[in-house]
Amino acid sequence: MEQAKALLGLLLLVPALAAEPLRDSLREELLLSPLPSGDLAATFQFRTRWDSDLQREGVSHYRLFPKALGQLISKYSVRELHLSLTQGFWRTRSWGQPYLQAPAGAELWVWFQDSVADVDKAWKDLSNILSGIFCASLNFIDSTNTVTPTASFKPLGLANATDHHFLRYAVLPREVVCTENLTPWKKLLPCSSKAGLAVLLKAERLFHSSYHSQAVHIRPICRDGACLTSSWELRQTLTVVFDSFATGQGKKDWSLFKIFSRTLTEACPLASQSKIYVDISSKGQENELLEVTPAPQSVHEASVQGNRRTYAVYDLLDPGLFNVSRSLNVQLKWKRPQDSLDLAAPVLHAQRYVSGYGLQTGEISTLVYNTHPYRAFPVLLLETVPWYLRLYIHTLTIITKGKENKPSYIHYQPAQDRRRPHLLEMLIQLPANSVTKITIQFERALLKWTEYTPDPNHGFYVSPSVLSALVPSIIAMKEEDEELSPLFASLFPSSDGSSYFVRLYTEPLLVNLPTPDFSMPYNVICLTCTVVAVCYGSFYNLLTRTFHVEEPSRGGLAKRLANIIRKMRGVPPL
């Protein structure tokens with residue numbers, strides 16, 4: 001009887017669970033952007049939204065949201081988490097403005113809840129766990145490469161103004177990204193790499209490229225228009241730039257099979273949206289240069305980073321897409337050579353380099369370009385310099401058009417040897433059509449011989465500069481629904497139609513330090529070991545050897561014959 005009651009209760013519970021609406025959703029998107037240089041940029045974005053409060057609710061069931069990340073947020077009271085692993089450098093002058101740029105190497109910045117008592121301990125434990133999840137060297141993040149910016153990294157979620165003491169930021173510019181990092185990243189996807197757009201994520205093709213960047217962004221967002229409750233959003237982005245000459249193609253015509261060695265056969269069954277966007281914008285609206293096949297289902301127009309773009313849209317959830325053929329192979333063909341295409345210089349771009357001679361002093365120079373013809377705007381610059389480069393802050397100069405440019409806001413935190421790096425933040429006004437040069441001198445410190453890397457003559461990496469700015473738009477941009485717009489309405493939606501947010505990173509620097517001759521200790525060790533082996537071995541042999549007196553033997557046959565002959569001659573025997 002009791003078993004029958006339990007079975008009846010279970011049967012009544014199943015329809016109730018089936019009628020309960022799903023609290024999570026998945027949206028996957030792929031953007032294919034032909035670049036003026038002939039290369040192709042492919043940007044994947046997988047957005048997982050979960051209507052749950054991990055901080056308050058005792059969550060034990062996970063459907064689409066990765067359990068490893070959900071438990072991490074709950075245990076360490078994480079408000080926002082942003083992690084990127086990048087191989088290569090985005091060439092802004094040749095490829096244009098990126099949608100989501102990341103610095104070379106590994107970048108991690110986290111906002112913690114106000115309830116965290118010891119932020120440094122939570123930051124250390126969190127980086128170690130992320131190191132294990134993504135098979136990266138994030139465990140090398142410590143106090144010597146961690147800073148707390150005051151204005152550069154604001155929360156991207158619900159909180160607009162938060163105490164910056166709960167923020168931690170670190171960059172490992174020497175981190176090398178490989179398949180060991182891509183595999184755990186793909187396992188976080190609900191369909192993994194078995195269905196949907198993730199089928200194209202073939203490591204052999206992705207890493208045979210000029211630029212590769214994978215990222216994970218976790219933040220709280222509004223659940224509805226009134227924003228009375230919040231949800232959690234996980235964005236997994238992957239940007240790859242394929243070089244036509246490096247891949248051996250030699251042509252500027254592309255297709256999914258050529259660049260990924262695979263085609264699409266179905267959408268992810270768990271996805272509520274699965275679309276492919278192909279940038280078919282031309283230099284002139286009346287002169288289209290690109291042709292895509294098969295014919296797109298629809299065309300979408302949007303204002304992206306101050307430019308009007310046109311996209312061909314393929315909806316993988318449309319049943320009619322795979323009726324004609326069992327697979328989708330989007331092809332891009334140029335109607336005529338596009339060598340005459342001139343890439344307009346981005347409104348905001350920057351570069352950084354080290355100057356000087358010798359191994360005692362040097363100078364770090366940063367050039368920031370504002371190519372807007374008539375609009376000036378401020379830019380927030382963040383510099384993180386290791387402690388072994390001792391900055392002379394009194395040598396800081398900012399020159400624009402031959403005149404001194406004084407920053408309206410400056411925050412400097414000096415470094416402490418072997419404890420923390422230099423932190424410099426400045427808000428600089430960039431005049432229209434100008435180049436601003438920022439220089440600061442430094443002195444190289446002497447390290448202990450145990451602090452050098454295994455290849456000290458290769459040099460030491462310095463984190464790139466971070467530039468954050470609201471760049472004025474040349475055209476009027478209209479407000480768009482974030483849920484309906486493609487991935488370019490990403491983490492930084494435009495607040496108004498006159499400007500858009502841009503965060504750029506310069507090149508990481510490679511600085512040589514005074515390096516001792518590590519071959520001399522090797523020679524001394526070899527000589528010392530030889531002397532010790534010879535001297536100590538001989539002395540030990542003399543002390544431990546046992547000596548015996550050997551009695552003379554009677555001799556052999558020759559000696560006896562000689563004695564017989566001597567006896568016959570009357571001579572004494574031998």
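The largest nonpolar core of this structure holds 91 residues, and Phe-44, Phe-112 and Val-278 have the most contacts inside it. A nonpolar core is here a set of buried Ala, Val, Leu, Ile, Met, Phe, Trp, Tyr and Cys residues joined through side-chain atoms within 4.5 Å; buried means under 20% relative accessible area, exposed over 50% and partly exposed in between (1.4 Å probe, protein chains only). The model is predicted: local features need pLDDT of at least 70 and side-chain atom pairs count only at pLDDT 80 or more, while totals for chains, interfaces and linings use all residues. Residues are numbered from 1 along each chain as its sequence is written, and side-chain values use heavy atoms, with hydrogens and water left out.

- Beyond its neighbours within four places in sequence, Phe-112 is in contact (heavy atoms within 4.5 Å) with residues including Val-119, Ala-122, Trp-123 and Leu-126.
- A second, separate core has 19 residues, among them Phe-377, Ile-438, Tyr-500 and Val-502.

**Helix H4**

- The 16 residues of H4 reach 22 Å from first to last C-alpha, close to the 22 Å expected at 1.5 Å a residue; the expected span is 1.5 Å times one less than the number of residues.
- Buried residues of H4 include Val-119, Ala-122, Trp-123 and Leu-126.
- At the start of H4, a side-chain oxygen of Asp-118 comes to within 3.4 Å of the backbone nitrogen of Asp-120.
- Just after H4, Cys-135 has a positive phi of about 55 degrees.

**Salt bridges**

- The whole structure contains 14 salt bridges, each a side-chain nitrogen of Lys or Arg within 4 Å of a carboxyl oxygen of Asp or Glu.
- Lys-121 and Asp-125 form a salt bridge at 3.0 Å, N to O; they are separated by about one helical turn because they lie 4 residues apart in helix H4.
- Arg-47 and Glu-29 pair with their closest N and O atoms 3.4 Å apart, and both residues are buried.
- Arg-174 bridges to Asp-455 at 2.6 Å, N to O, across 281 residues of the chain.
- Arg-174 is partly exposed at 37% relative accessible area, and Asp-455 is partly exposed at 31%.

Methods:
Helix = DSSP H or I, 4+ residues; strand = E, 2+ residues; numbered from the N terminus. Polar contact = N/O pair within 3.5 Å; in protein donor to acceptor, adjacent residues only side chain to side chain.
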